[in-house]
Amino acid sequence: MSANGDSTTHFAALQERVHGLGQQFLQFEQTTTRAFQQVESALAALSAEVRAGGKTQWQTIVTSVGVIVAILGALGGLAYLPVKNGMEALGAELRILREAVVPRAEQAERWRRTDEDIKALQSELRRTETRFVGRSEYDERWRCRENK
């Protein structure tokens with residue numbers, strides 16, 4: 001009964017963690033959407049600035065692209081780290097649960113051996129019953145000896 005309770009507790013904990021990871025993913029998606037909107041507005045401003053000047057400003061473009069890549073890389077890393085840690089924790093708990101579970105084949109073998117043991121005990125009991133004489137038969141013998 002306690003093993004079932006432990007499994008239920010582990011399952012509930014895993015379910016809670018998966019829900020938490022889902023919430024973190026939604027937050028990451030919202031943050032990423034905002035970041036892309038900011039990048040889009042920055043690119044629109046940069047485009048307007050480039051159009052306004054007669055000369056292409058490669059230094060500004062390269063710097064902007066570098067900043068965008070750095071921001072997206074940081075956001076990706078921040079979003080990936082909790083997911084990775086959560087998955088590692090779930091994997092460890094899953095390994096523990098798998099080690100605690102007895103495979104069906106092993107259970108079937110145990111049941112088969114138990115059935116064989118029961119059959120052997122039943123046949124031994126039948127053999128033993130045929131070797132012994134019942135009490136009523138002894139009572140009859142004893143009565144005959146007393147009456148002599």
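Trainee: What should I know before I start?

Mentor: This is a predicted model, where local features need pLDDT of at least 70, side-chain atom pairs count only at pLDDT 80 or more, and totals for chains, interfaces and linings use all residues. Residues are numbered from 1 along each chain as its sequence is written, and side-chain values use heavy atoms, with hydrogens and water left out.

Trainee: How many helices and strands does the chain have?

Mentor: Helices (H or I, at least four residues) and strands (E, at least two) are DSSP runs, numbered from the N terminus. Here there are 4 helices and 0 strands. Along the sequence the pattern reads α-α-α-α.

Trainee: How do I read the overall shape?

Mentor: Start with the radius of gyration, taken over C-alpha atoms; the globule rule is 2.2 Å times the number of residues to the power 0.38. A compact globule of 148 residues would come near 15 Å, but this chain has 39 Å. Next, take a box along the principal axes. The C-alpha atoms fill roughly 140 × 20 × 15 Å.

Trainee: How can I check the length of a helix?

Mentor: The expected span is 1.5 Å times one less than the number of residues. Helix 2 (residues 58-100) has 43 residues and should span 63 Å. Its end C-alpha atoms are 62 Å apart, which agrees.

Trainee: Which residues of helix 2 are buried?

Mentor: Buried means under 20% relative accessible area, exposed over 50%, and partly exposed in between (1.4 Å probe, protein chains only). The buried residues of helix 2 are I68, L75, A79, G86, L90 and E93. L90 counts as buried because its relative accessible area is 14%. V62 is also in helix 2, yet V62 is exposed because its value is 56%. Over the 148 residues of the chain, 8% count as buried.

Trainee: And Q15: where does it lie?

Mentor: Q15 lies in helix 1. Its relative accessibility is 49%, so Q15 counts as partly exposed.

Trainee: How many aromatic pairs are there?

Mentor: Rings of Phe, Tyr and Trp (its six-membered ring) pair if their centres lie within 6.5 Å; planes under 30 degrees apart count as stacked, over 60 as edge-to-face and the rest as tilted. A search of the whole structure finds 1 pair. F25 and F28 form this tilted pair, at 6.5 Å centre to centre and 45° between the planes. Both lie in helix 1 (residues 2-52), 3 residues apart, about one turn of the helix. F25 is partly exposed because its relative accessible area is 49%. F28 is partly exposed because its value is 27%.

Trainee: How many positive and negative side chains are there?

Mentor: Lys and Arg count as positive and Asp and Glu as negative; His and the chain ends are not counted. The place of a charge is NZ of Lys, CZ of Arg, CG of Asp or CD of Glu. The chain has 20 positive and 19 negative side chains, and the centres of the two sets lie 4 Å apart.
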